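Let's take a walk through this protein together, one piece at a time. Have the 3D view open and follow along as you read.

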Amino acid sequence: MPESVSLTVGGRTMIIETGELAKQANGSALVRYGDQNVVLCAVTASQKPREGIDFFPLTCDFEEKMYAAGKIPGGYIKREGRPPEHAVLSSRQIDRPIRPLFPDGFRNDVQIVATVLSIDPQLDADVLGVCAAGAALALSDIPFEKTVAAVRVGRDERGEYVCNPTLPQYESGGMDIVIAGTSDGVMMVEGGGNEISEEDFLGAVEFAHGEIRKIVKAIEQLTRKAGKEKREYPVASVDSDLERWVHKTFAKDVAKAMRTVDKQKRETAFSALSVDEALARCGKKDDSVKALLENPATAKDFYNIVKTMEEDELRAMVVDEKVRPDGRKPDEVRPIWCKVHYVPRVHGSGIFTRGQTQVFTAATLGSTSDAQRLDGIVELEDKRYMHFYNFPPYSVGETRPMRGPGRREIGHGHLAERALVPVLPPKDEFPYTLRLMSEVLESNGSSSMASVCGSTLALMDAGVPIREHVAGVAMGLILKGSKYSILTDIQGLEDSLGEMDFKVAGTKKGITAIQMDIKVQGITIEIMRQAMEQARKSRHAIIDKLAEAIARPREQLSEYAPRMIIVKIDPAKIKDVIGPGGKVINKIIADTGVEKIDIEDDGSVFITSLDGASGDKAKQIVENLTRDVIVGETYRGTVTRIINIGAFVQILPGKEGLVHISQLAPARVEKVEDVVKLGDEIMVKVIEIDGQGRINLSRKALLGGVSGNGDYGTRAPRAPRDSGPPAGVAGAPPTRRRRRPHRRDEE
C-alpha cells in the first residue's frame, strides 16, 4: 500500500505519495495537486562514481506528455520529440535549487525525471516538478542534505499575494515568480513582473517561504514513514600531504594571479599553475608528492586544490580588503559604452559593452502570422515577442563545435525576453511580431543582462515604441565565515568562485525580470534586500548610459521594415474577405502587391506591406468588401450589365444595384446605351433597398432631376382621375391598359 501525506497549499489540496509507482528507482514520489494535476518524479543514482571527472554529473528532465492535457501533438509526427522551451526551462528550475545540496565530492551519476501525467492547462506544473523531485530525493537512499520544495507567487486584483495562481491570475496580477528553498533559506528565484518594487518582490519571497516550509514539513513527515536509509557513497577527496605542499608552494602565485586586472592575463597566470610546473618545483624531499603528481588518477587533484586556493584568495580580497580582482569597489559597475544602428540592413540594432562583456542585438519586425505558435500542455498564448541568445566559443577565446542552443542559451534568452515584455506596446497599437537576436561577442560575466540592454537599444533603433529603457545587472555574493560582501556587476571569476548569481532587470520604475542561483545551502532575506538595493542603484546608472545612446524610440520605422495596417471588421464578414478557398484574399494580395493579410477571429485584419501605397489600397478594398450599403449615400460604381430596363452598377465589391432607365438622366431616355456603356464609372445614389435586399440606384438624383420609382422625369403630371365623366360613361376618356412591370432579373 502506498504511503501519503496531505496538506493545503494555495487553497488546493496537495497529496504526496510513494510506494506504488516506479519502485525500482532509488526513490520516487507522486504529487497530486487540485483536481487535475499529477506529477511523478523518479530519481536514480549509479552504483559507482564516474571516473576521471571533477564535477557532479546531475541530469534533470521535466517530461511534458501531451496526453496529460488530453491533446495529440500537432504536425506530421505524433510522438513527442525534442523538449519544448517550457520543458527545458522547467528542467532548469529543478536542477538549480537541488544541485548545491548534494555532498561535495559526490561523483555518482544522478538522474531526476519528473513526468507530468495529468494537468489543468490553466495551472503550470513546473513547481510541482520541484516538489516531486525534492520528495523523491528525500525518500531515496541517495545522499541529499536538505529537503527542497517550490511554489509560484502572483497577485490578485486587490494586490494580495496568491500561491500557485492560474495563468490568467498571474497575467492580470502583473507578477509571476517561482521561489524554491529549504526550511532554512531560499535556494532559487525565477520570474518577472510589471515593474514591481523591490519591497513587493521581497514580500513575495517571504510569503513563498512560508508555503515552502509547510511542504518541506509534509515531505519530512512522509520520509519518516516510508523513506529509505541513506547509503554510503564514496566521496572524492584530495591527499592531505599534497594539499599542504601545493598551498605552501603556490600561495604567492595564486595571490599574484588573482590581483591581475586583465582577464586574459589573469587566465594566463592561472594556466601557468600546472602539474608540469608543480613537478618542476618538487625538491629532493618531495618524492611522495612527486609520485602523486605523476599518477594520472591523482594529478587532477592538483587543480582542485588550486581552485580552492583561488576561492580562499578571492574571499580574503573582497571581504577583508574590499578589493576586487579588477580593482573595482564592491558596488562599482564596469565602464560602459553602447551604440545603435550599428549595421544598416536590419530593422534595428544595438551594441552594448560593459567591461569585457559585449553583446550585439538585432531586432526584426514581422507580421502577426510570424508569431511563434506554442503547442504544449500549458495553455500559453502565441508569442509575438521572442528573444534568442547565442554564445559562440570565440566570445571566451575558446574553440568548440557549433551546435544548437543548449539549456543555458535557452534560459538566458527567456530571461532577457521576460525583461522586455512589460514595456512593449499593446498589439492593437503596434501589431508587429518582434524577434530579437543577441550575439555575445565577448563574455566576462553577466552576458544575459548585457543582452537585455542590447535589446532595449535595438528596439528603440527599430522604432518600436517601448515605454521605458530596460537594463539588467548581475549581483554576486562572497562569503567568509559570518562575514560577506555583495558585489555589483560580477565578472566571470566572481561568478565561478562566488556563492551567488543574482540577476535583476527592470526600468527606473521597477523590476521586470529576476533570477537568482546560489551555491550554498540557502541565503537570508536580508542578504537579498541588500543585493537588490545595490542592483537598483546600478540599474538606474546603466539606464542613463543607454539614454545617452538613444533617448527615445525613433519616430519612423526602418525603411526595410514592413508596414502594418489594422482594419477592424464585423467577424460575420470575415468570409467575404477570405472568399471561397481564399480566392478573394489572394486576389487582393496579387492586385495590390502587399506581402500578406492576416485575419483573426475577432475581426482584426492585419495588412503587411513594404510600402504605404499598396497597404492603403488593400485597406480600401477590405473596407469596401465589408461596408454596408446605406440608403441616401453616394457611391462611384462601375456598369457591369445592361438590360432593357436599366443598368446594373457595382458600387462595392460584391454589391451591385439597378439604375432604372427612368433614373439614368433628368430627360427621358429611350435606350440605356444612349447614356451608359459597359465598364463606365458613374456616380450613383442609393434610393431604396427593398424587402428582398435589392438595391435601387439613381444617377438622375445627382444631376438635378427628381428621383422616384416610375417617374419619367420631364413628363407632365397626369390629370386627376375625377376630371370628366367616369370610366364607362359616354364622353369618358379611353381606359388605358396598365403595363405589367418588368422582372428585375430580365436580361
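Start with Arg408: its charged end sits over the ring of Phe391, 4.3 Å from the ring's centre. You'll find a second example at Arg641, where the charged end sits over the ring of Phe648, 4.0 Å from its centre. Keep in mind as you look around that this is a predicted model.

Rings also pair up with other rings here, and the count comes to 11 aromatic pairs. Take Phe102 and Phe144: the ring centres are 5.0 Å apart and the planes meet at 65 degrees, so this pair is edge-to-face. The two come from distant parts of the chain, 42 residues apart. Phe102 sits in the loop between α1 and β6, while Phe144 sits in the loop between α2 and β7. Are these two buried or exposed? With a relative accessible area of 3%, Phe102 is buried, and Phe144, at 12%, counts as buried too.

Now hop over to Trp245 and Phe250, another edge-to-face pair, with 6.1 Å from centre to centre and 75 degrees between the planes. Trp245 is buried at 9% relative accessibility, and Phe250 is buried at 0%. Back with Phe102 and Phe144, ring pairs link them with Phe56, Phe106 and Tyr233 into a cluster.

Next, find strand β22, residues 604-609. All 6 of its 6 residues are buried, so the strand is largely enclosed by the rest of the structure. In a regular strand, side chains alternate between the two faces of the sheet. In β22, Ser604, Phe606 and Thr608 are on one side, Val605, Ile607 and Ser609 are on the other, and both faces are covered.

What are the strand's partners? β22 pairs with β20 (residues 563-568) in the antiparallel sense over 6 bridges, with Val567 as the bridge partner of Val605. It also runs antiparallel to β21 (residues 596-599), joined to it by 4 bridges. There, Asp598 stands opposite Phe606, and Lys596 is partnered with Thr608. β21 and β22 form a hairpin with 4 residues between them, and Gly603 in the turn has a positive phi of about 90 degrees.

Put together, the 3 strands make an open antiparallel sheet in the order β20-β22-β21. β20 and β21 are at the edges with a single partner strand each, so one side of each has no neighbour in the sheet. Finally, look for helix α17 (residues 612-626), which packs on the sheet and touches β20 and β22. The helix direction makes about 155 degrees with that of β22.

Notes:
Residues are numbered from 1 along each chain as its sequence is written. This is a predicted model: local features need pLDDT of at least 70, side-chain atom pairs count only at pLDDT 80 or more; totals for chains, interfaces and linings use all residues. Side-chain values use heavy atoms; hydrogens and water are left out. Buried means under 20% relative accessible area, exposed over 50%, partly exposed in between (1.4 Å probe, protein chains only). Two strands pair if DSSP finds at least two bridges between them. Contact means heavy atoms within 4.5 Å. Axes are lines fitted to C-alpha atoms, for helices over the stretch in contact, and angles run from 0 to 180 degrees between N-to-C directions. Rings of Phe, Tyr and Trp (its six-membered ring) pair if their centres lie within 6.5 Å; planes under 30 degrees apart count as stacked, over 60 as edge-to-face and the rest as tilted. A charge sits over a ring if NZ of Lys or CZ of Arg is within 6 Å of the ring centre and within 35 degrees of the ring normal.
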